[in-house]
Amino acid sequence: MSDTIEKVQCLIIGSGPAGYTAAIYAARANMKPVLYQGTQPGGQLTTTNEVENFPGYPDGITGPEMMMELQKQAERFETDVRDGWVTRVDFTGDIHKVWVNETTEIHCDTVIISTGASAKYLGIESEQKYLKLGGGVSACAVCDGFFYRNQEVVIVGAGDSACEEAHYLSKLCKKVTMLVRRDEFRASKIMAARVKNTPNIEILFNTETDEVLGDGQVVTGVRVFNNQTKEKMDIPATGFFVAIGHKPNTDIFKDYLELDETGYIINVPGTAKTNIEGVFVSGDAADHVYRQAVTAAGTGCMAALDAERYLAAKHSEFEFTTPQY
């Protein structure tokens, strides 16, 4: 452990659209933010080849390029962007204590959590291969469905989110094959009925993924097996969507912050505030509904503004200087 303790006015934990947007607003408000990028600098968007639904990019942009631009914008206003990840916190007192890489102790007036949530995947080698190649594996139909217009795709999942994403894809794709591991949906009856009544969605119950097929660059199909009969078959497809849930990256906060049953941080409605004064949350660490880059950026703005107001109320010497644009 370090013998010296660093004092920070505003610490942002995590990068991505939420973290970088919070940094831009905090820096412009003279909060001198320090941002730790975490184990995946730039967040989940760095695994997305094409981003076409974020305002301001009429020709689209790759996820990594977009995150690099956001980082540069945050650094332009003198955000201190650092490598490393937060491994431990202590929010029991007025001073919020944070440890980075178990070696650096930081005392913070305010903390903005932007650690996001990680999509769950099946873990099959071929799935991970084409995910890394950006060649047809996705965990977000809203983000990537557009690229499969008039094509055939496969989606894995049985809950409400899977049904919602399958229905969304059905409006874009020629055919959607839905793989359900059990003999029934876990989704609500109304969501299950919606996909069952959609003509171009084929539902295969008791069916699991054996392998994602491809030509070495892009997905060309999915090999599945019936877990009752063990029979295998190949399904032609150019896209493979996984909708089996997300895990919020919030484990280190569970002893201090209120979390819901799945681990998402509970914020005060309409704000970025948590149950601990001076600690704020933005992005997918709290949002289990929308999970979009643009909504994450919006909550990053909210978190910075809430943090600024908190500092202004606590320290009269801190001038409230929120930029109007």
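Surface patches were assembled from residues with over 30% relative accessible area and no salt bridge, like charges being joined within 9 Å and nonpolar side chains (Val, Leu, Ile, Met, Phe, Trp, Tyr) within 5 Å. The accessible areas come from the Shrake-Rupley method with a 1.4 Å probe, and for residues only the protein chains shown count as cover. Lys and Arg count as positive and Asp and Glu as negative, while His and the chain ends are not counted; the place of a charge is taken as NZ of Lys, CZ of Arg, CG of Asp or CD of Glu. The model is a predicted one, in which local features need pLDDT of at least 70 and side-chain atom pairs count only at pLDDT 80 or more, whereas totals for chains, interfaces and linings use all residues. Residues are numbered from 1 along each chain as its sequence is written, and side-chain values use heavy atoms, with hydrogens and water left out.

By these criteria, a patch of positive charge on the surface is made up of Lys 120, Arg 181, Arg 182 and Arg 186. Arg 186 is placed in the loop between strand 10 (175-179) and helix 6 (189-196), where helices (H or I, at least four residues) and strands (E, at least two) are DSSP runs numbered from the N terminus. With a relative accessibility of 54%, Arg 186 is classed as exposed, the classes being buried for under 20% relative accessible area, exposed for over 50% and partly exposed in between (1.4 Å probe, protein chains only). A patch of negative charge on the surface is formed by Glu 50, Glu 52, Glu 65 and Glu 69. Of this group, Glu 52 is found in the loop between strand 2 (33-36) and helix 2 (63-76), and its relative accessible area of 43% makes Glu 52 partly exposed.

The structure holds one disulfide, defined as a pair of cysteine sulfur atoms within 2.5 Å. In general terms, a disulfide is a covalent bond between the sulfur atoms of two cysteines. The bond joins Cys 140 and Cys 143, whose sulfur atoms are 2.2 Å apart, and the link is right-handed, with 70° about the S-S bond. Cys 140 is buried at a relative accessible area of 14%, whereas Cys 143, at 27% relative accessibility, is partly exposed. Cys 10, by contrast, is in no disulfide, the nearest cysteine sulfur being that of Cys 108 at 8.6 Å; Cys 10 is buried, with a relative accessible area of 0%. The sulfur of Cys 301 is too far for a bond, because the closest cysteine sulfur, in Cys 10, is 13 Å away. Cys 301 is likewise buried, its relative accessible area being 16%.

A search of the whole structure finds nine salt bridges, each defined by a side-chain nitrogen of Lys or Arg within 4 Å of a carboxyl oxygen of Asp or Glu. One of them is formed by Glu 102 and Arg 88, with 3.8 Å between the closest N and O atoms. This pair links distant parts of the chain, 14 residues apart, since Glu 102 lies in the loop between strand 5 (96-100) and strand 6 (104-113) and Arg 88 in strand 4 (residues 86-90). Glu 102 is partly exposed at a relative accessible area of 36%, and Arg 88 is partly exposed at 33%.

A further salt bridge brings together the side chains of Arg 223 and Asp 234, at 2.8 Å from N to O. Because Arg 223 belongs to strand 13 (residues 219-226) and Asp 234 to strand 14 (residues 232-236), the pair ties together parts that are eleven residues apart in sequence. Arg 223 is partly exposed, with a relative accessible area of 26%, and Asp 234 is partly exposed, with a value of 43%.

In helix 7, which spans residues 293-314, the side chains of Arg 309 and Asp 306 meet in a salt bridge (3.9 Å, N to O). The two residues are three residues apart within this helix, or about one turn; Arg 309 is partly exposed at 45% relative accessible area, whereas Asp 306 is buried at 12%. Elsewhere, salt bridges that share partners join Glu 6, Asp 80 and Arg 82 into one network. Helix 7 also contains Lys 314, which is partly exposed with a relative accessible area of 38%. The C-alpha atoms of Lys 314 and Val 180 are separated by 53 Å, the two residues being 134 residues apart along the chain.
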